[in-house]
Amino acid sequence: MERLQKYIADCGVASRRKAEELMLKGYVEVNGEKVTELGTKIDPEKDEVTFKGKVLKPEKKKVYIMLNKPEGYVTTARDQFGRPTVMDLIKDVKERVVPVGRLDYDTSGLLLLTNDGDIVYKLTHPKNEIDKVYEAKLFGVPDSNTINLFRRGITIDGKKTSPAKIELLKVDGRFSWCNITIHEGRNRQVRKMCQAARHPVASLRRIAEGEIYLGDLKKGSWRYLTDKEIRYLKEL
Ligand code: URA
């Protein structure tokens, strides 16, 4: 059960306070009867609410979420092997959001989730060429040949990738840390490119998608996108 003025507000008619005024003016009917009592509760599933004779339906609120996905989670809603899914980490989100694209089971980092189909389409459609930046821990240290190889594209699964960028950040013993930027979303693309370049991935983390950055969000935590981030996505 839900307060009538909240329901009217959720339908996008007016703020809750304004909705109370509209009720008092006699514009609101529930199941064909005028309701002016402000404490009235309704069952959104069963009751029909009208405003000036028009049936009201709740607006579907659009939500935009960033999750820092830990390793050991799948990005599908259900897994055939019963492994944990990213949905387990966003249980307190009421809206039915879906992941925007995928991250491998063993990859961590930035994963966007939303119920806004337009944004899913914009971010995942290859023609939009949205840059995705991954921080990779690699075996060995890529030299200038490797950097050029990434720039030219690397053949994986029989098909050459689009030009990619690899930037060496630091070296420690047998390992190096690099930022790798791609805009395609082929299956295990970064891992396969690095493997083909003879610098297999030890660990992989996505840190940016377009101008949306993971920042210092803790692993396993999520947050709503800021208005600025949402504006950026809508303007893509
Ligand atoms: N490339 C990969 O290899 N894995 C990911 O999860 C994303 C990009």
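Helices (H or I, at least four residues) and strands (E, at least two) are DSSP runs, numbered from the N terminus. The model is predicted, with local features needing pLDDT of at least 70 and side-chain atom pairs counting only at pLDDT 80 or more, while totals for chains, interfaces and linings use all residues. Residues are numbered from 1 along each chain as its sequence is written, and side-chain values use heavy atoms, with hydrogens and water left out.

H5 itself spans residues 189-196, and its Gln189, Val190, Arg191, Met193 and Cys194 are buried (under 20% relative accessible area, 1.4 Å probe, protein chains only). The cover over these buried residues includes helix H4 (144-152) and strands S9 (107-114), S10 (132-139), S11 (155-156), S14 (175-182) and S15 (201-209).

The largest nonpolar core has 29 residues, of which Leu113, Phe150 and Ile180 touch the most other members. Such a core is a set of buried Ala, Val, Leu, Ile, Met, Phe, Trp, Tyr and Cys residues joined through side-chain atoms within 4.5 Å. At least two residues of this core come from each of strand S7 (64-69), S9, S10, S14, H5 and S15.

Leaving aside residues up to four places away in sequence, Phe150 touches Pro163, Ala164, Ile166, Ile180, Met193, Cys194 and Ala197 (contact means heavy atoms within 4.5 Å).

## Around the ligand

Now to the ligand, which is surrounded by Leu103, Asp104, Thr107, Tyr134, Arg188, Gln189, Val190, Arg191 and Leu204 (each with a heavy atom within 4 Å of it). Gln189, Val190 and Arg191 are also among the buried residues of H5.

A ligand nitrogen atom lies 2.6 Å from a polar side-chain atom of Asp104, and a ligand oxygen atom is 3.1 Å from a polar side-chain atom of Thr107. From Val190, a polar backbone atom sits 3.2 Å from a nitrogen atom of the ligand. On its own the ligand has 240 Å² of accessible area, and the protein covers 95% of that (Shrake-Rupley method, 1.4 Å probe).

## A four-stranded sheet

Elsewhere, 4 strands make an open, antiparallel sheet in the order S3-S2-S5-S6. Its edge strands, S3 (33-34) and S6 (54-55), each pair on one side only; pairing requires at least two DSSP bridges between two strands. Strand S2 (residues 28-30) is joined to S3 by 2 bridges, and Glu29 stands opposite Lys34 in S3.

Notes:
Buried means under 20% relative accessible area, exposed over 50%, partly exposed in between (1.4 Å probe, protein chains only). A polar contact is a pair of N or O atoms within 3.5 Å; within protein, one must be able to donate a hydrogen and the other to accept it, and residues adjacent in sequence count only if both atoms are side-chain atoms.
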